[in-house]
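This report describes a model of two protein chains. Please examine the sequence and the structure before reading on.

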Amino acid sequence: MAEAQRDSTSPAAGEVPELIVAYGDRLLRSAYLLCGSETDAQDLVQETFFQAIKSAHRFRGESVLYTWLHGILRNLCHRHRRKQKRLVLDEERVLKEPFQPRPSNGADHDFCAVELAQALQKLSPEHREVVVLRYYENLPIQEIAQQTGVSKGTVKSRLFYAVQGLAQLVPREMNLFVCEGTYKQATR
Amino acid sequence: MKCHEVQAQLYEYLDGALDSYVQASVREHLRQCNACQSALEREKTVSQFIRHSLHRETAGLSLRSGTLRNVLQQLDPKPIAPNVLIVAWRWLFSSPIHVAGMGAAVLGALFLFFSVQPHRQPSENSSSSAIAEMLQNTRVIDVPIQTETHVFHRENDTVMDAITPRVALGHARFPEPEHPTKSL
């Protein structure tokens, strides 16, 4: 009950420690998937909390607090991406800073997870965003459409092409993707 | 309900976002249609695979310890001390009396400066003329054997050390004026 009440009220500066404990790691993981760099993700999440407290009066309680925070985070990710594009050409950035999978010990090493995370970073920002929102954040199509400002059809289309892209980028031996997506079949 | 209609709404069906009537129709179609059933299963498999992989990849990430401190610092920055020059400039032009006072002070300073300058000139001249007069009777003689430079002073026909004038080095004649420097 208390959690639900906090989720619908605007955050205050005094609540920063609670907010960080409650949502910090979750936002960080999402930011990492969206931008592909742990350092950038840390900075973006920090800026997210700062922006959230600064513009707390804008939170109207129409969505849960995490969704609102995640919206701020996505806007910051977009801005960060635009800034990076201005600094260097995409090709140069890929050559200089290739996506580095996070180090993991031998026992926990998950080949599929690493391959998929690498493949995700090779998708376009729009496709990567819908994959993260749909499969990582577990959001329904309707909410993804609202958050990204596009129609439900566009979200489904992006999901289809994103999954197709991942299927091509992930090694065939994993063989967990299908050649035909549901949306493509449905539109035929 | 036809297959393409069902498969176009599979995402919403999985979300439970369809009207109850449509939801029931899709469920009924899925029971009878293997193709649509397998499309649904594929979507579930892909969804599970991606979700599991991404959660696994990011499981070890945690927010750095300094985040809270940095956010609080950003929210409550230290007040910036106003620039002294800006404050002085604003104070100066806040009243015509200040401007007049400042003008008078500048004029006074200029008057003092130019009135002191002529008094300094003779003292400089006297010291420089004394040096010039002293140099007329002074020769610098290079001693290459000792690789030292001595400064000698002439008093009549006696050669004196210029640094310690009491020491008389002997009698000698100075060279002609056109060859002021010569080894002894």
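The sections below treat confidence, the build of each chain, the contact between the chains, and selected details.

## Basis and confidence

The structure is a predicted model. Chain A has an average pLDDT of 78, and 71% of its residues score at least 70. Among the elements of chain A, the highest mean pLDDT, 93, belongs to H7(A), and the lowest, 44, to H10(A).

Over residues 105–109, the model has one contact beyond four places in sequence. Over residues 178–188, by comparison, the model has 23 contacts beyond four places in sequence.

Chain A contains 10 helices and zero strands, so its order of elements from the N terminus is α-α-α-α-α-α-α-α-α-α. Of its 188 residues, 34% are buried. Among the contacts in chain A with a separation of 6 or more, 62% are between residues 24 or more positions apart.

Chain B has seven helices and four strands. Along the sequence, these elements follow the pattern α-α-α-α-α-α-α-β-β-β-β. Buried residues account for 11% of the 184 residues in chain B. Of the contacts in chain B between residues at least 6 apart in sequence, 35% join residues at least 24 apart.

## Contact between the chains

Across the interface, 41 residues of chain A are in contact with 34 residues of chain B. On the side of chain A that touches chain B, at least two residues each come from helix H2 (16–35), helix H3 (38–54), helix H6 (111–122), H7, helix H8 (141–148), helix H9 (152–169) and helix H10 (182–187). H2(A) gives the most, with nine residues. By class, the residues on this side of chain A comprise 26 nonpolar, eight polar and seven charged.

## Crossing of H7(A) and H4(B)

One helix pair spans the two chains. Helix H7 (residues 125–136) of chain A and helix H4 (residues 34–58) of chain B have axes that come within 9 Å and cross at roughly 95°. Because angles of 65 to 115 degrees count as roughly perpendicular, H7(A) is roughly perpendicular to H4(B).

H7(A) makes this contact through A:Val131, A:Tyr135 and A:Tyr136, and H4(B) through B:Ser47, B:Ile50, B:Arg51 and B:Leu54. Five of the contact residues are nonpolar, one is polar and one is charged.

## Helix H3 of chain A

The buried residues of H3(A) are A:Ala41, A:Gln42, A:Leu44, A:Val45, A:Gln46, A:Thr48, A:Phe49, A:Phe50, A:Ala52 and A:Ile53.

## Surroundings of A:Gln142

A:Gln142 lies in helix H8 of chain A. Is A:Gln142 buried or partly exposed? A:Gln142 has 14 C-beta neighbours inside 10 Å and therefore counts as partly exposed, since a buried residue needs 20 or more and an exposed one has 12 or fewer.

Apart from neighbours within four places in sequence, A:Gln142 is in contact with A:Lys152 and B:Ala17. A:Val155 is 13 residues from A:Gln142 along the chain, and the C-alpha atoms of the two are separated by 8.8 Å.

Key: Residues are numbered from 1 along each chain as its sequence is written. Chains are lettered from A and ligands numbered from 1 in the order in which they are written. This is a predicted model: local features need pLDDT of at least 70, side-chain atom pairs count only at pLDDT 80 or more; totals for chains, interfaces and linings use all residues. Axes are lines fitted to C-alpha atoms, for helices over the stretch in contact, and angles run from 0 to 180 degrees between N-to-C directions. Angles under 35 degrees count as roughly parallel, over 145 as roughly antiparallel, 65 to 115 as roughly perpendicular and the rest as oblique. Two residues are in contact if their C-beta atoms, placed from the backbone, lie within 7 Å. Ala, Val, Leu, Ile, Met, Phe, Trp, Tyr, Cys and Pro count as nonpolar, Asp, Glu, Lys and Arg as charged, and the others, Gly among them, as polar. pLDDT is the predictor's confidence in each residue, from 0 to 100.
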